[in-house]
Structure formats: C-alpha cells, structure tokens
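Hi everyone, thanks for having me. Today I'd like to walk you through one protein model, so please have a look at it while I talk.

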Amino acid sequence: MNPMKYGYLGPDGTFTQAALLAWEPAATAEQVACPSVDLALAAVRSGELDAAMVPIENSVEGGVSATLDALSVGEPLQVIGEVLVPITFVLVAPPGITLDQVRAVGTHPHGWAQVRGWMAANLPEAVHVPTLSTAGAAAGLRDADAASDPPSYDAAVCAPVAGHGLQVLAEHIEDRDAAVTRFVLVSRPGLSPAPTGADKTTVVLFQSSDHPGGLLELLEHFAARGINMTRLESRPTGEAMGSYCFSIDFEGHVRDERVGEALTGLRRVTKEVRFLGSYPRADGKAASVPKTAANEAFSEARDWLDRLRG
C-alpha cells in the first residue's frame, strides 16, 4: 500500500513544514514541498496529494489571503485539522555581507508584516522584496551563485531552521514575541472528524444580494444559537466591485444541534454556504455553550413542536 502524500508550502524550512511535522498522522506520510498555496490545493483537488498543510491565519496580520481565496472558489475542499506554530524570525545573508550593507530584504509578505517595526528601527532604508515563502527567500540567497537570475535582495527574513548555509545578521527580530500562525490540513471532501467537544467549523458565506443589514442578517444566525465566532473576514468574490463573501470560523461541530440549526438557517438566506469542515481545535479549548444552546435544549424544543403538530 502506497503511503499517504501530504503537501506543504515549501521549500524545506518553512513554518508550514514545521506545522506538517507537528501533525502526528503525517509522520508516516510522504511529504511534498509545493511552490505556492494555490498549487498545493490544486494538487489535492486533482488527487496528486491526499492532503496539504497551508497557512490560514496569523495573530499579527490576520487571514492569509491566498489560502482564503483558494478555498472559496473551485472544487470544494475540506479542513480536517489545524496546527498552531509559534513564530520567530532571523535576518540572514550570504557570508561577508554586513548589516549596514543590506539595501533590500526578501521574505513572504506575512513575514515582513511581523518584522516591520524592527526593520524601521534597524534598516529604515531597506526595501521589501516579496517572495513565495520565507524559506524560499533564504534559498534564493543560498543558491544565488548557481542561479541564472539571482535574487534582487541582499538579505532574507526566515525561520531559524531555514537559514542554514547563511550567516545570521540578527535573531528574534519579530515585533511581537507571542506571534502565532495557524495552519490547516486540507483534503478532498469526506466525513468530518468526530466531535470532541472542543471543535471549530469553517464556512464561506455568499450573499444572495447586497442590501442594508445583509451582514447583520447572517450574524444573527450565530448569535441566536449561542455560537461564538473566532474569525470573520470579507474577501472579494472577483465578480464585481463591491461583491464580497465572508470567511468565518466558529466554535462547534456540524453534528452539534446549534451548529446544524445555524447552517440550515444560513443555507435558506444565502446564495451559497461553502462548508469547509468541522475539526478539533488545536488548543483543545472547549466552547462555552449557554444552557439554551445545548443539544438537549434543541431536542426538547423539537419534541415540543412535534407534540403540537400531533
């Protein structure tokens, strides 16, 4: 039997690879580096990969646009798990380069967002050169001599593990010590993992029309059922100016009565509810559920209505 194939945003040394290594079921899987989030998820859709680990949210910069957009369009995919990775950065450069010689710094935009303060204080004139990943920025410097098109930057911001073969100009350059990035493992649609009591559900909501109070109408379905949202972001659909969908994480599992009721209500009033899965929370934190939103409360109310209807 062939081993499972799990992809991650490469190259080697990315925080995404660290997240995959922390996912226990991946220990016996073949791990495949992918050059971008879009290509990783496309490989899952095509069946080339069984699953892919991708970044979805950062505690400093918020949602990762590439992942949110790739999950909201195309053939449906499903999140089956999440991993939280503490983030720390180093500034690396080829041997012989000193800090005062750095004029341009390569890194992923989310990496740059987390070191802007340090850069402003220590390299105020350095420009940011965006790269597909933090590890890719370091690899570009490491392979510069053999490249036909060498990188247009002098130094890179990356994880410490990705800086091998380069000299470290500065350590712990992140602006916030407690920064964390959340990663999700994405597969083709199937059964959601069983409820644990500490679960999260992800959906994308597409409105039927743009009208006053439209977002409020959607949010009321959560509030009325005692469901706490942990992330809410709007993303352009690309259909027209001002056309947005809403990417939402909330506490609970699709098998919970309150969640099922909310999804049913949302399905009735939206153009589309893209269900992206229910899965265990990485932090193991159980939802605080009001008594009126417990499964028993919904069952009792349904039994009461059945008695009225005879």
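**A walk through the model**

Let's begin in a loop: His172 is found between β10 (167-171) and β11 (180-187). Helices and strands here are DSSP runs numbered from the N terminus, helices being H or I with at least four residues and strands being E with at least two. The phi of His172 is near 50 degrees, a positive value in a residue other than glycine. Is His172 buried or exposed? His172 is exposed, because its relative accessible area is 58%, and the cut-offs are under 20% for buried, over 50% for exposed and in between for partly exposed, with a 1.4 Å probe and protein chains only.

A word on where this comes from. This is a predicted model, in which local features need pLDDT of at least 70 and side-chain atom pairs count only at pLDDT 80 or more, while totals for chains, interfaces and linings use all residues. Residues are numbered from 1 along each chain as its sequence is written, and side-chain values use heavy atoms, with hydrogens and water left out.

Now the whole chain. The protein chain has 9 helices and 15 strands, and its C-alpha atoms fill a box of roughly 85 × 50 × 35 Å along the principal axes. Of its 310 residues, 45% are buried. Take contacts, meaning heavy atoms within 4.5 Å: among those between residues at least 6 apart in sequence, 76% join residues at least 24 apart.

Next, please find the open sheet. Its 4 strands come in the order β13-β14-β12-β15, with antiparallel pairing; two strands pair if DSSP finds at least two bridges between them. Which strands sit at the edges? They are β13 (229-236) and β15 (270-280), each pairing on one side only. Neighbouring strands of this sheet are turned by 15 degrees against each other on average, direction ignored.

Inside the sheet, 7 bridges join β12 (residues 199-207) to β14 (residues 244-251).

Helix α3 (residues 65-72) lies across β12, β13, β14 and β15, running at about 80 degrees to β13. For that angle, axes are lines fitted to C-alpha atoms, for helices over the stretch in contact, and angles run from 0 to 180 degrees between N-to-C directions. In α3, Thr67, Leu68, Ala70, Leu71 and Ser72 are buried. Just after α3, Gly74 takes a positive phi of about 75 degrees.

One more backbone detail: a cis peptide bond joins Gly10 and Pro11, with omega about 5 degrees. Pro11 lies in the loop between β1 (5-9) and α1 (15-22).

Let's finish at helix α9 (residues 295-309), the place of Leu305. Leu305 is partly exposed, because its relative accessible area is 32%. How far apart are Asp306 and Gly265 in space? They are 19 Å apart, C-alpha to C-alpha, and 41 residues apart in sequence.
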